[in-house]
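Subject: Structure for you to look at

Hello,

Here is the structure I promised to pass on. Please open it and keep it beside this email while you read.

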Amino acid sequence: MRAAAIRPLRMPAPFLASFIRPEIEQLSGYVPGEQPRGGGTIKLNTNENPYGPSPRVLGAIREATTEALRLYPDPVSTALRAAASERYGVAPDCILAGNGSDELLSVILRACVGPGDRVAYPFPTYSLYSTLVAMQGAHAVEVPFESDYGLPIDALAGAKQRVTFICNPNAPSGTLAPLAAIEDLAKRVDGLIVVDEAYIDFASRSESAIALVSKNPRVVVLRTFSKSFSL
């Protein structure tokens, strides 16, 4: 068998741009924050947990680094979903594992939102929401928080959206919407209500919207390992 060398084609920028959707061309690139060199720096603006994984977690990671790393993992994350089910009291079939909350946010929008659809969320909040909405060619409905950062329930309920995002506790304000407010909104809003609980373990767990998952099929709750568990 003979091998063939393939020379990459050097395409002019206008030619490459002709393949890119206009919604993507109109976006501005993400500018990451400064990365400090060396150790000993706690970088608060990236919301990284400064304490690091626990010794028990580091031990589990070391045990997992065997030759099995060359194999594809379980595509549906059976063991992880079973552990999450036991911890959070949600049936495994109701749990979807992803590569971080950002991927799951993208999956939700790709599956549920098309060009021209409306996606609503209180504002200011996590900046990725608006980027993902724009990538879908959808319309972002940014509803200002109330003066005390309470949820603008009436305005959100009347926005005629396919998906509603609630970051709770909210970034960047750090404010927590009570569970009763989330439940009220979930009863009144159109489409899905996605409660992004990346920081809930730093607040009151009793206010988690996980309690609503079994009550209302519109409610989706996101959790992440990166904040609480330093992973």
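Is F145 buried or exposed? F145 counts as buried, because its relative accessibility is 14% and the cut-off for buried is under 20%. Keep F145 in mind; we will come back to this residue. One caution before we go on: this is a predicted model.

**The whole chain**

Start with the overall picture. The protein chain has 10 helices and 5 strands. Its C-alpha atoms fill a box of roughly 65 × 50 × 40 Å, taken along the principal axes. The chain has 231 residues, and buried residues make up 30% of them.

**Helix α6**

Next, find helix α6, residues 128–135. Its buried residues are L128, Y129, L132 and V133. An α-helix has 3.6 residues a turn, so residues three or four places apart point the same way.

What does that buried face pack against? The buried residues of α6 pack against helix α5 (100–112). They also pack against four strands: β1 (118–123), β2 (139–144), β3 (163–167) and β4 (192–196). Just after α6 comes G137, which takes a positive phi of about 70°.

**How α5 and α6 meet**

Two packed helices are described by the angle between their axes and the distance between the axes. For α5 and α6 the angle is about 35°, and the axes are 10 Å apart. The crossing is right-handed. Which residues meet? On the α5 side they are D102, L105, S106 and L109. On the α6 side they are L128, Y129, L132 and V133. The residues of this contact divide into 6 nonpolar, 1 polar and 1 charged.

**Aromatic rings**

How many aromatic pairs does a search of the whole structure find? It finds 5. One of them joins Y129 and F165. This pair is stacked, at 4.6 Å centre to centre and 25° between the planes. Y129 lies in helix α6 and F165 in strand β3, so the pair ties together parts that are 36 residues apart in sequence. Y129 is buried, with a relative accessible area of 1%. F165 is buried too, also with a relative accessible area of 1%.

Now back to F145. The rings of F145 and Y149 have their centres 5.0 Å apart and their planes at 40°, so this pair is tilted. F145 is buried, as you saw. Y149, at 33% relative accessibility, counts as partly exposed.

Ring pairs also build a cluster. It links Y121, Y126, Y129 and F165. Try to pick out these rings on your screen.

**Loops and backbone**

Two cis peptide bonds deserve a look. One joins F123 and P124, with omega about 5°. P124 sits in the loop between β1 and α6. Another joins A171 and P172, with omega about 20°. P172 is in the loop between β3 and α8 (179–188).

Then check two residues with positive phi. S77 has a phi of about 50°, although it is not a glycine. S77 lies in the loop between α3 (55–64) and α4 (78–88), and counts as partly exposed at 22% relative accessibility. K160 is not a glycine either, yet its phi is positive, at about 55°. K160 is found in the loop between α7 (153–157) and β3. At 66% relative accessibility, K160 counts as exposed.

**N170**

Finish with N170, in the loop between β3 and α8. Is N170 buried or exposed? At 4% relative accessibility, N170 counts as buried. What is N170 in contact with, leaving aside its neighbours within four places in sequence? The residues are P124, T125, F145, Y149 and T175. Here you meet some names again. P124 belongs to a cis peptide bond, and F145 and Y149 form the tilted ring pair.

Best wishes

Technical notes. Residues numbered from 1 in each chain as written. Predicted model: local features only at pLDDT ≥ 70, side-chain atom pairs only at ≥ 80, totals over all residues. Heavy atoms only, no water. Buried < 20%, exposed > 50% of the residue type's maximum accessible area, 1.4 Å probe, protein only. Contact = heavy atoms within 4.5 Å. Axes fitted to C-alpha atoms, helices over the stretch in contact; angles between N-to-C directions. Left-handed = near helix turned anticlockwise from the far one by under 90°. Nonpolar A, V, L, I, M, F, W, Y, C, P; charged D, E, K, R; others polar. Phe/Tyr/Trp six-rings, centres within 6.5 Å; stacked < 30°, edge-to-face > 60°.
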